[in-house]
Amino acid sequence: MTKGGDETMAEPSAAVSIIERMTAVLGAFSPENDRMGVNEIARRSGLPKSTASRLVSSLVEHGYLERRGGLVCIGLRLFELGTLSGQPNELRSLALPTMVDLRSSTRQSVHLSVLEGTEIVYIGILRGYDSSYLLSRVGGRLPAYATGAGKALLAFSPPEVVERVIENGFVAYQPGTITDSTSLLRELATIRATGLAYSTAEAGPGVTAAASPILGAESRAVAALSVSGRIGAFDPHRIGPAVHLAALNLGRLSSLPPVSRHRVTH
């Protein structure tokens, strides 16, 4: 039991602080940094080494992290929790037959993506017959402005999401990457009018794609469907209408609200 209003109010704040620090520890991991020592975790999370060490020990004890020799990696418990994420799983199940058809007819790679903040997250990928050039992976993230799928999602997202993308600025990942707000807004207007987004050498080298949003209630994007191939070996404009039709059909089948979480981060 606590005494006094100040102490009572302090309990939620302390809990939030612990959650934020644990989130910082888990957020230090990435596909490129999937095994690290405590010193590196502390550096990447911005926490004091003693704090990081204590949190890592607690997360290891509960199965969220695992020790491998002198390094630490993501534990099985986090994987188990990830499989319980219902809505992406429902979307994948709903979209899978359509994705299989698109891959069979195009022989190219088919992606299913959602929006998280100002980034896209790949929740489903069927790799084409030649996919060695692709850098994408399930659970991978890319800036929304730098992909066809991301632009399709942004075109049918609330205005504040697009504003946050513009405020965050642009990075020229490839020669075709959009690097200014005027170009982005102009392209998003075209996508809203046509239901189709295209990308050529924007996020990955030598990659071109056609994408279309899967629309739910109030014409808001639930997800995006895209087909990607090598520049010169694949014409996205030829397959674009088929991608758009497939996305429209999935939108009619789906009664799910948008998966995307338009959180604002600073």
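Q: Which residues does Leu-154 touch, not counting residues up to four places away in sequence?
A: In this predicted model, Leu-154 touches Leu-115, Ala-144, Tyr-145, Val-161, Val-162, Val-165 and Leu-188. Each of these counts as touching because a contact means heavy atoms within 4.5 Å.

Q: What makes up the largest nonpolar core, and which residues have the most contacts inside it?
A: This core has 24 residues, and Leu-154 is among those with the most contacts inside it, along with Leu-115, Ile-120, Leu-153, Leu-184, Leu-188 and Ile-191. Two or more residues each come from strand E5 (119–126), helix H6 (148–155), helix H7 (159–168), helix H8 (181–194) and strand E9 (221–230). Helix H6 gives the most, with five residues. There is also a second, separate core of 22 residues, including Leu-112 and Ile-214.

Q: What makes Tyr-145 and Phe-170 an aromatic pair, and of which kind?
A: Rings pair if their centres lie within 6.5 Å, and planes over 60 degrees apart count as edge-to-face. Here the values are 5.0 Å centre to centre and 75° between the planes, so the pair is edge-to-face. By this rule the count comes to one aromatic pair.

Q: Which parts of the chain does this pair tie together?
A: Tyr-145 sits in the loop between strand E6 (141–143) and H6, while Phe-170 sits in the loop between H7 and H8, so the pair ties together parts that are 25 residues apart in sequence.

Q: How do you know on which side of helix H2 its buried residues lie?
A: In H2 (residues 38–45), the buried residues are Val-38, Ile-41, Ala-42 and Ser-45. They cover an arc of only 100° around the axis, so they are on the same side of H2. After H2 comes Gly-46, whose phi is positive, near 75°.

Q: What lies 2.8 Å from a polar atom of the side chain of Ser-109?
A: That is the backbone nitrogen of Gly-128. A polar contact needs N or O atoms within 3.5 Å, and this pair lies at 2.8 Å.

Technical notes:
Residues numbered from 1 in each chain as written. Predicted model: local features only at pLDDT ≥ 70, side-chain atom pairs only at ≥ 80, totals over all residues. Heavy atoms only, no water. Buried < 20%, exposed > 50% of the residue type's maximum accessible area, 1.4 Å probe, protein only. Helix = DSSP H or I, 4+ residues; strand = E, 2+ residues; numbered from the N terminus. Arc of directions from axis to C-beta. Core = buried A, V, L, I, M, F, W, Y, C linked by side-chain atoms within 4.5 Å. Polar contact = N/O pair within 3.5 Å; in protein donor to acceptor, adjacent residues only side chain to side chain. Phe/Tyr/Trp six-rings, centres within 6.5 Å; stacked < 30°, edge-to-face > 60°.
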